[in-house]
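Here's a quick tour for anyone meeting this protein for the first time. Have a look at the picture, then read on.

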Amino acid sequence: QQIGLEVNWGARPVVYGDPLLLRRMIANLLDNAIQYTQPGGQVRLSLARRGREAKLTLSDTGVGIPQEKLSHIFERFYRLDKARSSQVSGTGLGLAIVREIVNLHQGSIQVGSSPGQGTTFTVYLPLEPAANRAS
């Protein structure tokens, strides 16, 4: 789709979790980034270790999300606007699924965006199983 993809796996932290769900989480984030980035744009995916967490960052140079809509993007079936819905396939479940996968793995997700400049999702996942973490 004439979009640059940059992948940077600096450290390779081990996250204990369901490999299929974690792959689905990354695939959903990548799918959104690619869908909303115009030809000639860039998608960047990186993985690093931050203390006792893995930090996965996915950013794009796509259309971005208005600030007033950011709080809704993880809701099931939420679509930003009807004009984009007709141009981009999907059901509005991708980011809701991402949030559920992050929650199942006792992680957190943050999003920042500027219309016309792109969006960045940052996922933090613990490196140890819950049973091994200090209370």
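Let's begin with Gln 2. Setting aside neighbours within four places in sequence, Gln 2 is in contact with Pro 39, Gly 40 and Gly 41. Take Gly 40: along the chain, Gln 2 and Gly 40 are 38 residues apart, yet their C-alpha atoms are 5.7 Å apart in space. Gln 2 sits in the segment before β1. Is Gln 2 buried or exposed? It's exposed, because its relative accessible area is 66%, and the cut-off for exposed is over 50%.

## The overall plan

A word of caution before going further: this is a predicted model. The protein has four helices and five strands, and along the sequence they follow the pattern β-α-β-β-α-α-α-β-β.

Of its 135 residues, 34% count as buried. The accessible surface comes to about 8,000 Å², and carbon and sulfur atoms hold 51% of that. Now look at contacts with a separation of 6 or more: residues 24 or more positions apart account for 64% of them.

## The sheet

In what order do the five strands line up? They form an open sheet in the order β1-β2-β3-β5-β4, with mixed pairing. β1 (4-9) and β4 (108-114) stand at the edges with a single partner strand each, so one side of each has no neighbour in the sheet. On average, neighbouring strands here are turned by 10 degrees against each other, ignoring direction.

As background, strands of a sheet pair through backbone hydrogen bonds, either parallel or antiparallel. Strand β3 (residues 53-60) and strand β5 (residues 118-126) run antiparallel, with seven bridges joining them.

## Out at the edge strand

Val 7 lies in strand β1. Val 7 is partly exposed, since its relative accessible area is 43% and that label covers values between 20% and 50%.

## Helices against the sheet

Which strands does helix α1 lie across? Helix α1 (residues 19-35) lies across β1, β2 (42-50), β3 and β5, and it runs at about 20 degrees to β3.

Helix α4 (residues 94-104) has a set of buried residues: Leu 95, Ala 96, Val 98, Ile 101 and Val 102. An α-helix has 3.6 residues a turn, so residues three or four places apart point the same way. The cover over the buried residues of α4 includes α1, β4 and β5. Just after α4, Gln 106 takes a positive phi of about 55 degrees.

## A spot on the inside

Finish with Val 123, which is in strand β5. Why does Val 123 count as buried? Because its relative accessibility is 1%, and buried means under 20%.

What does Val 123 touch? Not counting residues up to four places away in sequence, its contacts are Met 25, Leu 29, Ala 54, Lys 55, Leu 56, Val 102, Ser 108 and Ile 109. Val 98 and Val 123 are 25 residues apart in sequence, and 9.7 Å apart in space from C-alpha to C-alpha.

Definitions and conventions: Residues numbered from 1 in each chain as written. Predicted model: local features only at pLDDT ≥ 70, side-chain atom pairs only at ≥ 80, totals over all residues. Heavy atoms only, no water. Helix = DSSP H or I, 4+ residues; strand = E, 2+ residues; numbered from the N terminus. Buried < 20%, exposed > 50% of the residue type's maximum accessible area, 1.4 Å probe, protein only. Contact = heavy atoms within 4.5 Å. Areas by Shrake-Rupley, 256 points an atom, 1.4 Å probe, with all protein chains shown as cover. Pairing = 2+ DSSP bridges. Axes fitted to C-alpha atoms, helices over the stretch in contact; angles between N-to-C directions.
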